[in-house]
Amino acid sequence: MIFGFGDEDRVSDPRTGGESVVRSFVAGLHDSYVLATHTGASHGIQVDLTPIGAGMLLSVPMQEVTNRVVGLEASPDVSHGDYPW
């Protein structure tokens with residue numbers, strides 16, 4: 001989980017050609033690498049979670065984010081303040 005305070009990051013998956021432009025995001029477990037780049041200042045906090053911990057914190061099954069990068073604004077739990085705690 002990345003909480004970004006600087007410019008947006010561009011995260012791309014070279015296997016699929018998929019690309020996301022995000023500032024704060026959750027990256028699920030991947031079976032390959034992804035490339036993260038930015039063109040400005042990068043400031044933020046990285047929070048490393050176990051898969052079980054991420055599922056509990058985000059209240060979503062981890063298969064929903066496997067091999068995906070999901071912007072925190074796309075998560076209903078985060079964007080609407082509906083936190084599980």
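How many salt bridges does the count come to?

1. The count comes to three salt bridges. A salt bridge here is a side-chain nitrogen of Lys or Arg within 4 Å of a carboxyl oxygen of Asp or Glu. This is a predicted model: local features need pLDDT of at least 70, side-chain atom pairs count only at pLDDT 80 or more, and totals for chains, interfaces and linings use all residues. Numbering runs from 1 along each chain as its sequence is written, and side-chain values use heavy atoms, leaving out hydrogens and water.

2. Start with E19 and R10. They form a salt bridge, with the closest N and O atoms 2.8 Å apart. E19 is partly exposed at 48% relative accessible area, and R10 is partly exposed at 39%. Buried means under 20% relative accessible area, exposed over 50%, partly exposed in between (1.4 Å probe, protein chains only).

3. Next, look at R15. It pairs with D13, the closest N and O atoms being 2.8 Å apart. D31 also forms a salt bridge with R15, at 2.5 Å. D31 lies in the loop between β4 (25-27) and β5 (35-37), and R15 in the loop between β2 (9-12) and β3 (19-22), so the pair ties together parts 16 residues apart in sequence. Strands are DSSP runs (E, at least two residues), numbered from the N terminus.

Technical notes: Helix = DSSP H or I, 4+ residues; strand = E, 2+ residues; numbered from the N terminus.
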